[in-house]
Amino acid sequence: MPKFQAPRGTRDLLPTDRAVFMHLEDIARDLAMRYGYAPIETPMFEGSAVYERGVGEATDVVEKELFRVQAGRGEAERERWALRPEPTAGLARAYVQHGMRTWPQPVKLTMTGPMFRYDRPQAGRYRQFWQFDVEAIGDVGPAIDAEIIELAMAFFGHIGLTDVQVLVNSIGDTACRPSYVETLTAYFRDHEDELPELERARLETNPLRLLDSKDERMQDLIAAAPTISQHLCHDCRAHFDGLLAHLEGVSIEPRLEATLVRGLDYYTRTAFEFYRRGAEGQQQALGGGGRYDGLVELLGGRPTPGIGFGIGLDRVVLALAEQGAQPRAEPWRPAVVVVGADPDDSVVRLQLATELRGAGLACRPDLSARRLGKQLDGAAKAGAHFAVICGDELEAGHVQVKDLMAGTQRQVDVTELARDLLRAHAQHRHGEDG
Ligand code: HAM
């Protein structure tokens with residue numbers, strides 16, 4: 001085994017894996033833009049306080065999983081920064097910092113990139129993973145809540161992941177949650193001796209988090225706990241009914257899930273998660289999101305509502321593989337390889353390839369001094385559609401074009417070459433798609 005390995009819980013995305021991610025990222029970006037979400041990029045690390053305040057101190061993500069960055073000297077600098085465990089808090093920080101409340105509301109933003117959580121690695125759970133994130137800040141909903149859920153479902157549809165369902169719940173707001181938390185606390189107090197240590201401590205600091213505990217010993221207790229849906233205030237109930245009506249309007253049938261609370265503290269009202277039917281375990285959420293009407297204010301802005309979701313691309317890739325979806329062709333595969341009968345004349349091959357690339361073809365020259373036969377073998381192995389053979393005829397302005405897939409060969413005028421190949425390759429691809 002080599003001495004140096006990628007850190008535990010991370011992995012290298014080799015070119016074929018990276019191509020699959022790129023394909024998903026392209027679909028994500030195009031789709032989000034079609035719905036009016038503008039791309040943005042925030043730093044991969046923020047002041048730790050952004051997450052401590054935004055996500056919440058007594059959450060798994062902050063308490064156990066934050067990658068704190070030690071940089072600079074002295075106590076004051078130490079642990080001041082943290083790698084982003086999720087994008088929403090950083091985006092809300094950016095909303096406040098750049099005065100986005102003066103922009104037309106809601107501000108619709110999208111971002112895709114790596115997130116970091118010091119989680120126990122296992123299938124579908126990594127320490128560096130990728131999220132496709134979408135946020136609409138400045139709209140109270142509930143219509144936009146439905147629109148954003150529909151966008152996520154459209155993403156799953158576009159990438160060909162079948163059988164995804166959305167689980168929804170309302171987790172109340174500052175008006176109704178406190179009395180629910182009291183009821184919940186009383187329930188867990190009655191079972192205090194059955195609680196694992198961390199949960200017993202959390203009962204004092206953040207009782208709601210007991211509901212998304214990953215501890216096996218908690219699961220029966222959680223299933224029997226009182227649910228927030230029985231305690232919603234009038235406004236939250238109306239908001240939730242509005243969400244359901246709008247979801248119906250866009251033909252989405254959610255599963256109502258009274259125990260869904262999500263693992264981050266900033267959520268209010270709408271909360272949702274995406275699963276494939278029959279794959280609803282802890283590491284199997286393909287994505288999740290919800291409303292966070294208090295987050296912007298927590299980070300120093302004015303009271304501003306917001307909603308968004310994050311889809312875990314690593315899990316999406318796993319789900320696609322399980323479903324037997326074929327990874328796409330490798331986009332760096334050349335359409336054309338330029339080979340030469342004179343093994344020493346690589347200048348001509350380089351020149352022609354440069355010209356063809358300039359015309360928009362994926363093309364590479366064989367710059368080796370191998371014999372022509374070997375060069376042609378190499379072109380076929382690389383999966384090229386055409387080999388352009390430079391020989392003596394070049395002096396008369398011609399080359400041979402060999403169709404490596406059809407096994408045919410013809411002479412083409414060099415001045416016509418790029419146009420000819422572009423047309424022939426496009427026709428072939430059209431045939432493949434059709
Ligand atoms: P989250 O539920 O913590 O929400 O993460 C969203 C998705 O990221 C999960 O459903 C899962 O697919 C993926 N994910 C999370 N942790 C891991 C991991 N360790 N390895 C692989 N995939 C993982 C959020 O992060 C919120 N910021 C979503 C949101 C946006 N809410 C409002 N706006």
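## Aromatic pairs

Two rings of Phe, Tyr or Trp count as a pair if their centres lie within 6.5 Å, and planes over 60 degrees apart make the pair edge-to-face. In this predicted model, twelve aromatic pairs are present. One of them joins tyrosine 266 and tyrosine 292: the ring centres are 5.8 Å apart and the planes stand at 70 degrees, so the pair is edge-to-face. Tyrosine 266 belongs to the loop between strand S8 (255-256) and strand S9 (268-276), while tyrosine 292 belongs to the loop between strand S10 (287-291) and helix H11 (295-298); the pair therefore ties together parts that are 26 residues apart in sequence. Both tyrosine 266 and tyrosine 292 are buried.

One aromatic cluster is formed by Phe132, Phe155, Phe156, Phe272, Phe274 and Phe309.

## Charges over rings

Two arginines sit over tyrosine rings. Arginine 11 lies over the face of tyrosine 126, at 3.9 Å from the ring centre. Arginine 127 has its charged end over the ring of tyrosine 118, 4.0 Å from the centre of that ring.

## A three-stranded sheet

An open sheet is made of three strands in the order S2-S4-S3, with antiparallel pairing. The edges are taken by strand S2 (45-47) and strand S3 (68-69); each has a single partner strand, so one side of each is left without a neighbour in the sheet.

S3 and strand S4 (residues 81-83) run antiparallel and are joined by two bridges. Across this pairing, arginine 68 stands opposite alanine 82 in S4.

## Ligand surroundings

The ligand is surrounded by 28 residues, the closest being Glu86, Thr88, Arg117, Tyr267 and Ala285. Strand S6 (128-137), S10 and strand S11 (306-312) each contribute at least two residues to the shell around the ligand.

Key: Residues are numbered from 1 along each chain as its sequence is written. This is a predicted model: local features need pLDDT of at least 70, side-chain atom pairs count only at pLDDT 80 or more; totals for chains, interfaces and linings use all residues. Side-chain values use heavy atoms; hydrogens and water are left out. Two strands pair if DSSP finds at least two bridges between them. Helices (H or I, at least four residues) and strands (E, at least two) are DSSP runs, numbered from the N terminus. Rings of Phe, Tyr and Trp (its six-membered ring) pair if their centres lie within 6.5 Å; planes under 30 degrees apart count as stacked, over 60 as edge-to-face and the rest as tilted. Buried means under 20% relative accessible area, exposed over 50%, partly exposed in between (1.4 Å probe, protein chains only). A charge sits over a ring if NZ of Lys or CZ of Arg is within 6 Å of the ring centre and within 35 degrees of the ring normal. A residue is near a molecule or strand if one of its heavy atoms lies within 4 Å of it.
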